[in-house]
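Student: I've got a model open and I'd like to learn how to read it. Can you walk me through it?

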Amino acid sequence: MSRRPNAKRAAQLRKPVSNTPSWIVPAAVVGGIAVLVVAFLVIRWYTTPLPPKPLAVDATQQVVAQLAGIPATELDSVGAGSANNRFKKISASPLTGPTGKPAVLYYGAEFCPYCAAQRWPLIVALSRFGVFSGLQTTSSSSTDIYPNTPTFTFHGSTYTSQYIDFESVEASDRNQNPLESPTAAQQALISQYDTGGSIPFIDVGNRFESEGAMYLPDILAGMSWQAIATALSDPSTPQAKAILGAANLITAAVCDTTGNMPAAVCSATSIQAIQKQLG
């Protein structure tokens with residue numbers, strides 16, 4: 001049976017601290033913080049995916065061809081999938097591009113992981129209306145949230161379509177160095193609708209606009225471009241549900257600006273259903 005020590009005995013068991021130098025406690029605190037910072041950096045270094053090496057031109061073209069060749073039946077079966085519908089309907093003068101066709105404006109940056117995620121469905125969707133050339137692979141910043149998300153860049157690419165014009169602005173590279181600047185007209189739209197300053201920003205013909213990605217980039221972490229493209233061939237994968245679902249949302253918005261042309265794309269059951277949701 002334990003007994004409570006008397007006051008005198010208790011005093012003898014305590015080590016006096018009155019003579020402790022005043023600098024000890026602050027030094028210990030600083031040292032502890034330093035240890036935590038070092039530990040955090042080490043853990044982050046080990047857990048952050050390494051930036052994937054950009055693909056060669058031929059390999060990039062092969063992946064882009066896979067994205068453009070996803071069967072319409074598979075896209076229709078996914079519907080909106082797990083994508084978050086971020087479109088807001090707007091009423092303004094129609095937005096047209098250099099050739100006078102309805103325009104889709106994209107504003108983003110290469111360092112941005114949400115832009116990295118959103119480019120995948122944007123490429124899938126727009127490939128249903130036209131053809132990309134000159135796309136290059138890249139990845140988001142190594143130091144931002146969702147580091148090194150594999151993606152493409154629209155910088156230096158071209159897009160041709162008989163239905164729409166596509167205008168893209170990649171404001172910064174993956175190291176946040178200035179890359180492209182919007183025109184005065186593009187900046188006016190960005191300032192008017194993207195009041196929160198979020199990227200990516202997409203304006204579809206001045207009928208719909210969206211800010212941010214339609215799914216979280218984490219489902220692409222550690223994957224190669226080829227692996228992601230392969231995952232899209234199976235509609236049950238998380239990547240297909242998110243990317244193809246977002247592509248269908250974008251497709252439905254674009255169809256609204258083209259008078260539902262081409263009919264082979266815009267008459268799909270899933271696209272018609274999403275259009276009703278968009279209003």
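Student: What is the order of the five strands in the open sheet?

Tutor: Some ground rules before that. This is a predicted model, so local features need pLDDT of at least 70 and side-chain atom pairs pLDDT 80 or more, while totals for chains, interfaces and linings use all residues. Residues are numbered from 1 along each chain as its sequence is written, and side-chain values use heavy atoms, with hydrogens and water left out.

Tutor: Now the general idea: strands of a sheet pair through backbone hydrogen bonds, either parallel or antiparallel. Here the order is β1-β9-β8-β2-β7, and the pairing is mixed. Strands are DSSP runs of E with at least two residues, helices are runs of H or I with at least four, and both are numbered from the N terminus. Two strands count as paired if DSSP finds at least two bridges between them.

Student: Which strands stand at the edges?

Tutor: β1 (88–89) and β7 (165–170) do; each has a single partner strand, so one side of each lacks a neighbour in the sheet. β1 runs antiparallel to β9 (residues 208–211), joined by two bridges. Lys-88, for instance, has Glu-209 in β9 as its bridge partner.

Student: Which helices lie across β8?

Tutor: Contact means heavy atoms within 4.5 Å. Helix α6 (residues 184–193) runs at about 105° to β8 (201–204) and also lies across β2 (103–108), β7 and β9. Helix α8 (residues 238–257) lies across β2, β8 and β9, at about 35° to β8.

Student: How many aromatic pairs does the structure hold?

Tutor: Rings of Phe, Tyr and Trp (its six-membered ring) pair if their centres lie within 6.5 Å; planes under 30 degrees apart are stacked, over 60 edge-to-face, the rest tilted. There are nine such pairs. Take Phe-132 and Phe-166: their centres are 5.8 Å apart and their planes at 80°, so the pair is edge-to-face. The two sit 34 residues apart, Phe-132 in strand β3 (residues 130–133) and Phe-166 in β7. Tyr-159 pairs with Phe-166 too, at 5.9 Å and 80°, so that pair is also edge-to-face.

Student: Is Phe-166 buried or exposed?

Tutor: Buried means under 20% relative accessible area, exposed over 50%, partly exposed in between (1.4 Å probe, protein chains only). Phe-166 is buried at 14%, Phe-132 at 9% and Tyr-159 at 13%.

Technical notes: Axes are lines fitted to C-alpha atoms, for helices over the stretch in contact, and angles run from 0 to 180 degrees between N-to-C directions.
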